[in-house]
Amino acid sequence: MKEGGGYPWIVKRDIDGFFGLAIDNLIQFLLIATLCPALAGIPAGFVFSRILPGAALSLIVGNLFYSWQARKLAIREGRSDVTALPYGINTVSLFAYLIFIMGPVYRETGSYDAAWKVGLLACFFSGVIEFGGAFVVDILRRTTPRAALLATLAGIAITFISMDFAFQTFEKPLIAMLPLAIILIQYFSKVKFPFGLPGGLVALAAGTVLAWVFGIMDTATVRSAVSQIGFNAPRFSGAGLFEVLRSPYLLRYFSIIIPMGLFNILGSLQNLESAEAAGDRFETMPSLAVNGIGSMLASFFGSCFPTTIYIGHPGWKGLGARTGYSLMNGVFFVLITLFGCLKLINAVIPMEAGIAIVLWIGIIISAQAYQATPRAHAPAVVVGLFPAFASWGVNILKQGYMGAGTTLAEQSAAGVPINGFPGLLALDRGFIFTSMILAAISVFLIEREFLKASLWSLAAALLAFFGAIHTYEFLGNDTIGVVGWCAGGKYAFGYACFAVIFALFYTRAEWRRRRGLPEELIEE
């Protein structure tokens, strides 16, 4: 494998990986198509002709790079099992920008064009933050315990991936349970299907057939989708972006743009750690830089939604995907958006037919947090799960209140009968940072590195003091962070207590060490 020409671009298992990643990305595209008109007043025709082609362009550039990057690593190390980093639209940023930036601008101005342009601005600066962070973030990767990085991913995987898709599976058992059985037997039992067919393809086909047999799919929807097929090339939108560059919107929404950019950096960093734990070590700087370039490119060609390195590399690797699945994903989305086929695909293939693949990936990610860390650090992983579960719980509450015609703000004023409800909201805000911090502190305490635990506690106190974590206020059915001087003073005090007590134990341990005294440990 010393020569690049002898390394295959696509292997059979890339097809399975492609279906899983394509379904994941397809969900993001359908969310964009659904939420842009509902929240920002952007007409569906504009979404399909201007926004989605730009999103697809950012995908093809990133997917090509990550496929090439994995191929290069495989050839350099003489391996045939290197898996490209998964890549796509950032779901968290998608919701944040629509709900907290584009929606308010539309309501204020009554102009979907203004909302779209401010969205482009947000996406652009998110890319700038991601690109700039690529050159300074590697030190964080080297000094952060693996359990701290993987615990956050495990929390997201259990809740927002596996749990959500498990609910959808049992919501539509006629369609989704047979594909789930196929996926479980393929990847848990490691058996081959007749004729060597990929399990992902078999599962998707089985779910689609069942949906049509039971009359769940509608031919009228297919005809309507066919009528909307047409060529939509990406169009340069930089003029609209720079038009609002000097507007007050930039400063007004920087409190959202900066944290989201930092979240993207942190999330990508965690996913790189996840890939390394699975056996594929990719260089941090180019991986994050291309991530940022993808977001900036998206903004220049009409998409308001940043891209990111996806959670789930171990899952795709477990599927047997290598470098080709990433390449296939990029090409696929360029084709379906350029030719307006997105609605047609959704009309023919039910999403429930493919969600079993993504559910399985969530399971693998969660398991990896325990398998790829020292056994003694398992309690730290558990601690790191708490903030993600809190965030998921808040999301469920919001959906429930919305369905009941009320809001989180109204119910909170009346008194929500949940023990520790304010704490639930506090853990939700900035949960990615909080998860990593709590897990890291736990690891250093397990290792009796009290000074490091104290320093991480001081960092948490600083973040809390300025409102980067834990602070919240209600905005209808949503919560937003409160940023400013002493915004989270009470939480900062709590973390300062952490720092002081850990520092005292560090001082005590050093005093005993210098006098040749043994450590005082609890007898087990």
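Trainee: Why is Cys 486 called partly exposed?

Mentor: Cys 486 has a relative accessible area of 40%. Buried means under 20%, exposed over 50%, and partly exposed in between, with a 1.4 Å probe and protein chains only. The 40% of Cys 486 therefore makes this residue partly exposed. This is a predicted model, in which local features need pLDDT of at least 70 and side-chain atom pairs count only at pLDDT 80 or more, while totals for chains, interfaces and linings use all residues. Residues are numbered from 1 along each chain as its sequence is written, and side-chain values use heavy atoms, with hydrogens and water left out.

Trainee: What makes Cys 36 buried?

Mentor: The relative accessible area of Cys 36 is 0%, so Cys 36 counts as buried.

Trainee: How do you know that the structure holds zero disulfides?

Mentor: A disulfide is a pair of cysteine sulfur atoms within 2.5 Å. For Cys 36, the closest cysteine sulfur is in Cys 304, at 6.4 Å, too far for a bond. For Cys 486, the closest is in Cys 497, at 14 Å, also too far. The count for the structure is zero.

Trainee: Why is H6 called oblique to H21?

Mentor: The axes of helix H6 (residues 146-171) and helix H21 (residues 431-446) come within 8 Å and cross at roughly 130°. That angle makes H6 oblique to H21, because under 35 degrees is roughly parallel, over 145 roughly antiparallel, 65 to 115 roughly perpendicular, and the rest oblique. Axes are lines fitted to C-alpha atoms, for helices over the stretch in contact, with angles from 0 to 180 degrees between N-to-C directions. Helices are DSSP runs (H or I, at least four residues), numbered from the N terminus.

Trainee: Which residues make the contact of H6 and H21?

Mentor: Among them are Thr 152, Ile 156 and Phe 160 of H6, and Phe 431, Ser 435 and Val 443 of H21; contact means heavy atoms within 4.5 Å. The residues divide into twelve nonpolar, two polar and no charged. Nonpolar covers Ala, Val, Leu, Ile, Met, Phe, Trp, Tyr, Cys and Pro; charged covers Asp, Glu, Lys and Arg; the others, Gly among them, are polar.

Trainee: What does Ala 388 touch?

Mentor: Ala 388 lies in helix H18 (residues 378-403) and touches Gly 155, Ile 156, Thr 159, Phe 160 and Phe 431, not counting residues up to four places away in sequence. Ala 388 is buried, at a relative accessible area of 1%.

Trainee: Is Arg 71 buried or exposed?

Mentor: Arg 71, in helix H2 (residues 44-77), has a relative accessible area of 8%, so Arg 71 is buried.

Note on methods:
Helices (H or I, at least four residues) and strands (E, at least two) are DSSP runs, numbered from the N terminus.
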